[in-house]
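Dear colleague,

A short account of the findings follows it.

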Protein chains: 4
Amino acid sequence: MIITIKKNANSEEVKKLIKGLERQGVTAFEIQGSNFDVYGLTGDTSAIDEKAIQAHDCVENVTRIAAKYKLANRLMHPEDTVIDVNGIKIGGQENIVVIGGPCSVENQEMVIKLAQEVKDAGGVMLRGGAYKPRTSPYAFQGMQTQGILAMVEARNKTGLPIVSELMSSDKIEEFEEHVDIIQIGARNMQNFELLKELGKRTTKPILLKRGFSNTIDEWIMSAEYIMASGNEKVILCERGIRTFETETRNTLDLSVIPIIKEKTHLPIIIDPSHATGDWKLVESASLAAVAAGCDGLIIEVHDNPECAFSDGAQCLKPKKFKSLIDKARKIAQVIGRDI
Amino acid sequence: MIITIKKNANSEEVKKLIKGLERQGVTAFEIQGSNFDVYGLTGDTSAIDEKAIQAHDCVENVTRIAAKYKLANRLMHPEDTVIDVNGIKIGGQENIVVIGGPCSVENQEMVIKLAQEVKDAGGVMLRGGAYKPRTSPYAFQGMQTQGILAMVEARNKTGLPIVSELMSSDKIEEFEEHVDIIQIGARNMQNFELLKELGKRTTKPILLKRGFSNTIDEWIMSAEYIMASGNEKVILCERGIRTFETETRNTLDLSVIPIIKEKTHLPIIIDPSHATGDWKLVESASLAAVAAGCDGLIIEVHDNPECAFSDGAQCLKPKKFKSLIDKARKIAQVIGRDI
Amino acid sequence: MIITIKKNANSEEVKKLIKGLERQGVTAFEIQGSNFDVYGLTGDTSAIDEKAIQAHDCVENVTRIAAKYKLANRLMHPEDTVIDVNGIKIGGQENIVVIGGPCSVENQEMVIKLAQEVKDAGGVMLRGGAYKPRTSPYAFQGMQTQGILAMVEARNKTGLPIVSELMSSDKIEEFEEHVDIIQIGARNMQNFELLKELGKRTTKPILLKRGFSNTIDEWIMSAEYIMASGNEKVILCERGIRTFETETRNTLDLSVIPIIKEKTHLPIIIDPSHATGDWKLVESASLAAVAAGCDGLIIEVHDNPECAFSDGAQCLKPKKFKSLIDKARKIAQVIGRDI
Amino acid sequence: MIITIKKNANSEEVKKLIKGLERQGVTAFEIQGSNFDVYGLTGDTSAIDEKAIQAHDCVENVTRIAAKYKLANRLMHPEDTVIDVNGIKIGGQENIVVIGGPCSVENQEMVIKLAQEVKDAGGVMLRGGAYKPRTSPYAFQGMQTQGILAMVEARNKTGLPIVSELMSSDKIEEFEEHVDIIQIGARNMQNFELLKELGKRTTKPILLKRGFSNTIDEWIMSAEYIMASGNEKVILCERGIRTFETETRNTLDLSVIPIIKEKTHLPIIIDPSHATGDWKLVESASLAAVAAGCDGLIIEVHDNPECAFSDGAQCLKPKKFKSLIDKARKIAQVIGRDI
């Protein structure tokens, strides 16, 4: 951590500040500059609060050098984390997983039919929303427990592991019992109370979506919350960030793939459906994501998007989903991987 | 709602789409244009899903005209909502409330002392965090129940009503019992499960902060969630939005004040401390907010910001807080209000 | 164009507004809704000013349906534009071009050596900055005319056509004489006076970078400026947009590729070097861009990035550039194209 | 400047990097940390290129401490710059100027009539566009020289100094002869060639608008360009930044006022008309700007906004403009200033 001190600062105040920091276990070194003096702090700075330092009149600014995350940090865990879900591996240097399914589970028949179509197309897991985060209280809120049970039935028929979104901690036990990967949506990425409970009350892998306005560092810190609370099986999922551009629902940020792989050891998958909000853009984004090095794709598939209960505009029909996987597989092979 | 249809569209598909919509209770009118045909839907469109319409091949785009919110809508409730908190009125055309206090409650003595200083300066309510949403799991997470009880003690001594942030629904009863206004932080603005519980399980007013990357419409829809679930006492609070500018923590968007007042009947208050992240900018932002027409300010105050457990950089000392209120009062009087 | 009128509007004002619009050659159709009335305008609305309509008290809002651009519009020109540069074709369904070279031309030897290395690696054009848009007046501003002449010499030795950035209209004749593609940088994308001069005073193709905070529609309108002034040879170039994320210099928006191809008939190339600002991210972004369907890449290459006069951090060494092209070629082949 | 070096870096490469930097006249000090080593550079670092340092494999990151601007820097010029325009003072601690007028000059009569109305309302300068930066080539491009001459005539009749936007350097002499303040629009804020010419070829004050997606630092660097080229009379003007929010045209960032005053000695004025794009929001934003401490306002005024040739939606009628100034004056007096 680097602290820049104003040249005209009260030297007593500076001395007091530095002593206080040293009492927290770090060592401070001073460099005198022409316009500013600089102190470098070495040692474990993860518990030091930049903002309390910044509050001092004598301080011009504070820069953190070492990341605050530890368990998610590639520096401390150089090996890729590979997460095993009923025998399917997510992460590592080899295979890329494709997860498909409807935005919302609408009834048992549709989800079983879709599960089979996802499997036939080359998908290895089934996604489906039973609890839905809707902007409007008047919109369809999901089939809830019945939706989860319909997914379970689809898994029984097809063997595909199931992924579904959890929205509140009182359902953790339901998800622990029935679901194979617990998804946390973008809007709950910084619901810290929920993150802590996920660490404590489930051993299922967590698919943690990036908040649509969260930095990469904040996202990793949310993974760290879950890991520090006891569950290290975290899969990161980029689903587009909010920008000034309104042509797409969000702007898919594929540069996160190499950055996440450098900073962390966690798997990173891409959701092109929510990122673009338009099925016509999904194939282009999916192939790009695979070429960029992602560990998986999670894609919305629906037999009849015009009648979907939610997000119809971004669903692929099963035939297009298959065609996408076929191309994605060849691109994966170019970069030494496979689907 | 306006639906634009491609000129080369399959007319059977269009007919089917329009019939389906009419079955949902709306009436459709057609206008033939040179490059597109347009259908206008009249009637109650609040339950119609734009994205399902967008999913049709024949559709170029869909534009919603009427807002989806009803209970929060000024059109349907022209009178200002005024919320009474132990005799203090928030909203309306007259007084402006100033709420002050520490970011985190650190111990009982400090919060009692600060409450008295807030009151002496002209503040009418006490804020203080007992449950803290921290980006890092390794940072101070708040005094929790002990913090709430310390706030209660401060209210007993000074008479100031208390405002504190709730982070999960399992504490609603604790807050219902002890707190006068329940604050929902920016990161939980779209924690829809929590919003629904607030509507059902408490009658206390809710201070709903704007998510740092949420549009005004999304923010009002989150208020609508609480209202539609049974609690109409919602106070909106702007605390800055996330932009490309890094000089301030967030960018305070004061244009929301006249916009919220036009679109809704709810009170709107401003948090200049979190918006700017820098105490040196708080006075300027506060005076601007009052001049712009806000119904209140919520400001962080601390006797010793350098030692604050959180967000020290943005705390005002009590003396500066008093000086700010004195200026703000005179500006309020220029525009026909008072503090 | 759709105009929404307030229910309580003065009917005389509405009548006057609609008559005024009809005098501009469009036809208006009315739809009466429950909360609003709606007028649809058909005919050529490209010269109608939304903001003047919006200025009327009776108007709630105005929505444009048809795009304002004509010459760039795919609807009116369904065939792909293919631009021929000394026999190299940019655009269309087949080949993808790779352009390489230094950020700044530093001296004649370096640019000749780099041109040869670019060619050996599989690049088909040479880029190099002679006039440099630098944020600081104290930074290296480019070799200017000497830099252009050094590029010409490199073309003489290698046969590679040259691309360089023009910053002011008084150099158009110099560029017309020496350069094969004239680049317009992101910061000049809305320098409308310059755009008009490019239409009038040169027949060379224009590589028009997207402003880092411009929407897709604004970008196409800037292409339209050049085209409407007489030069239809415009190549669009995405180089990242400005967002809240600070981990990368900009956020590369690859969804523009299918969108530009749907809305316009112009070629679209990608600049991964400026978008990411970090050579370690360039290969991932380049492969993604090819998979997403771009018509070309423009990449910074330098023998000795540590000593580059500008933007060293984002330059690839020639060996890495070659390896990138080799992979990109295989991905191009997967989607039926070639490099 | 602070350079962070990776722990596993090649020590020869580090040595070479540091020696190279010392040859550029700075002194380097080393601090060994647990995860990284840190070098602090002291001396004049303004010409050192961070990106060339960043290009080294051994470097983790580079942080600049001292600002790159000198002439605009408050540290080196503690006194406020006050710019005298025909006896009217812009900047300093006392008066606040209000500039009013139409977006576009439409004919001589209208601008003379408006000038008188602006003056009667309390405005002290006249704004008016003669050369218009329009997104569409098919929109009205301004009256050009005839517009400037109409403004001159309005000055002759009323005595109000005139402000107009310059879009290309070939008109500098026309503006030098006729105009009192030369406005540079947001889209040209980083048209560096134009900025340099303004420094060399005119002594008139420059009103430099902030680019709608430029950081405060970039904005000051553009002022520095003009100043370093010979013209130190720069007035900064905030007109809103581009964010995800679409309810307003741009988001007005009033926190720039205290920040600009801390970092520079230049005057800062606010343009609420372009920032909000909606006349109904202009008064609220103007009063807020005055309360926040701005040195002036520039506001669009039109007798007949519904017929304005451009930007009708954001124009105030003269009567509302007068009422705004009357309120703004009282707020100015609260904070010890006057209008």
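UniProt positions are given in the numbering used here, feature names are shortened, and annotations may be inferred rather than shown by experiment. On that basis, the unreviewed UniProt entry places "domain: DAHP synthetase I/KDSA" at residues 82-324 of chain A.

The model is predicted: local features need pLDDT of at least 70 and side-chain atom pairs pLDDT 80 or more, while totals for chains, interfaces and linings use all residues. Residues are numbered from 1 along each chain as its sequence is written, chains are lettered from A and ligands numbered from 1 in the order written, and side-chain values use heavy atoms, without hydrogens and water.

The domain assignment (bounds from an automatic or database source) divides chain A into domain 1 (2-63) and domain 2 (83-334).

A:Tyr131 is buried, at 5% relative accessible area, as is A:Phe175, at 0% (buried is under 20%, exposed over 50%, partly exposed in between; 1.4 Å probe, protein chains only). D:Tyr131 and D:Phe175 also form a tilted pair, 5.8 Å centre to centre with 40° between the planes.

Finally, D:Lys70 lies over the face of C:Tyr138, 4.8 Å from the ring centre (Lys NZ or Arg CZ within 6 Å of the centre and within 35 degrees of the ring normal).

Yours sincerely

Conventions: Rings of Phe, Tyr and Trp (its six-membered ring) pair if their centres lie within 6.5 Å; planes under 30 degrees apart count as stacked, over 60 as edge-to-face and the rest as tilted.
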